[in-house]
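Subject: Handover of a structure

Hello,

I am passing this structure on to you, with the sequence alongside. Please look through it first; my notes on what was found follow below.

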Amino acid sequence: MLLDEIKKASMQALKERDKVARAIYDVVINKCQLTLVEKRAKGEELVDTDVLQIMQKVAKELAEEKENYLKVGNTDEVANIERQQAIVASYLPQMMSEQEIVAEIEKLDDKSIGSVMRHFKQNFAGKCDMALVQRLANPRK
């Protein structure tokens, strides 16, 4: 399971005294643990797609944080965040390109926005930006 890999990498970062890597692993593991508690309360288990969604959220949070540090000129923190972004990105699957998304939409019989969104959520969860899918699926006015 992906969470187990992240925990092993976190232990390795601890052994290497790598504070930057350890910090991002701790964030991800803590968010996964919170999600696990919520899921178990519903009688569900944490699966890799849940972990990938958490990683994607963390990646977005890091991008926002980096932007804020750039505004105030804190280059040390920007460098740390870039390293953390690289760590998070190494666990994420390659995202679908616009061309791939458009090609997949063209294959569908029902191109209504609801049908398209449902198709991508079921078949490509975590592998495409749903906001991009929605923008591409909407007829241009």
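A salt bridge here is a side-chain nitrogen of Lys or Arg within 4 Å of a carboxyl oxygen of Asp or Glu. This is a predicted model, in which local features need pLDDT of at least 70 and side-chain atom pairs count only at pLDDT 80 or more, while totals for chains, interfaces and linings use all residues. Residues are numbered from 1 along each chain as its sequence is written, and side-chain values use heavy atoms, with hydrogens and water left out.

Overall layout

The chain has 7 helices and 0 strands, where helices (H or I, at least four residues) and strands (E, at least two) are DSSP runs numbered from the N terminus. Along the sequence the pattern reads α-α-α-α-α-α-α. The C-alpha trace spans about 55 × 45 × 20 Å along its principal axes.

Of the 141 residues, 35% count as buried. Buried means under 20% relative accessible area, exposed means over 50%, and partly exposed is in between (1.4 Å probe, protein chains only). A contact means heavy atoms within 4.5 Å. Among contacts between residues at least 6 apart in sequence, 58% join residues at least 24 apart.

Salt bridges

R83 is partly exposed, at a relative accessible area of 38%, whereas D18 is buried at 16%.

Another salt bridge runs between K39 and D50, with 3.5 Å between the closest N and O atoms. K39 sits in helix α2 and D50 in helix α3 (residues 48–72), so the parts tied together are 11 residues apart in sequence. K39 counts as buried, with 17% relative accessibility, and D50 counts as buried with 10%. K39 and D50 also belong to a network of salt bridges that includes E44.

The side chains of E98 and R135 form a salt bridge as well, at 3.7 Å from N to O. This pair links distant parts of the chain, since E98 is in helix α5 (residues 98–107) and R135 is in helix α7 (residues 130–137), 37 residues apart. E98 is partly exposed, its relative accessible area being 39%.

The α1 and α2 helices

Two packed helices are described by the angle between their axes and the distance between the axes. For α1 and α2, the axes come within 9 Å and cross at roughly 150°. Axes are lines fitted to C-alpha atoms, for helices over the stretch in contact, and angles run from 0 to 180 degrees between N-to-C directions. The crossing is left-handed, a term for a near helix turned anticlockwise from the far one by less than a right angle.

On the α1 side, the residues in contact are L3, I6, K7, A9, S10, A13 and L14, and they meet A21, R22, Y25, D26, V28, I29, C32 and Q33 in α2. By class, this contact has 10 nonpolar, 2 polar and 3 charged residues. Ala, Val, Leu, Ile, Met, Phe, Trp, Tyr, Cys and Pro count as nonpolar, Asp, Glu, Lys and Arg as charged, and the others, Gly among them, as polar.

The loop between α1 and α2 contains R17. R17 has a positive phi of about 55° although it is not a glycine, and at 75% relative accessibility R17 is exposed.

Aromatic pairs

There are 2 aromatic pairs. Rings of Phe, Tyr and Trp (its six-membered ring) pair if their centres lie within 6.5 Å; planes under 30 degrees apart count as stacked, over 60 as edge-to-face and the rest as tilted. Y25 and Y91 form an edge-to-face pair, 6.3 Å centre to centre with 85° between the planes. Y25 is in helix α2 and Y91 in the loop between α4 and α5, 66 residues apart. Both Y25 and Y91 are buried.

The ring centres of F120 and F124 are 5.4 Å apart and the planes are at 40°, so this pair is tilted. F120 and F124 are both buried.

Helix α6

The buried residues of helix α6 (residues 113–123) are S115, V116, M117, H119 and F120. These buried residues pack against α5 and α7.

Regards
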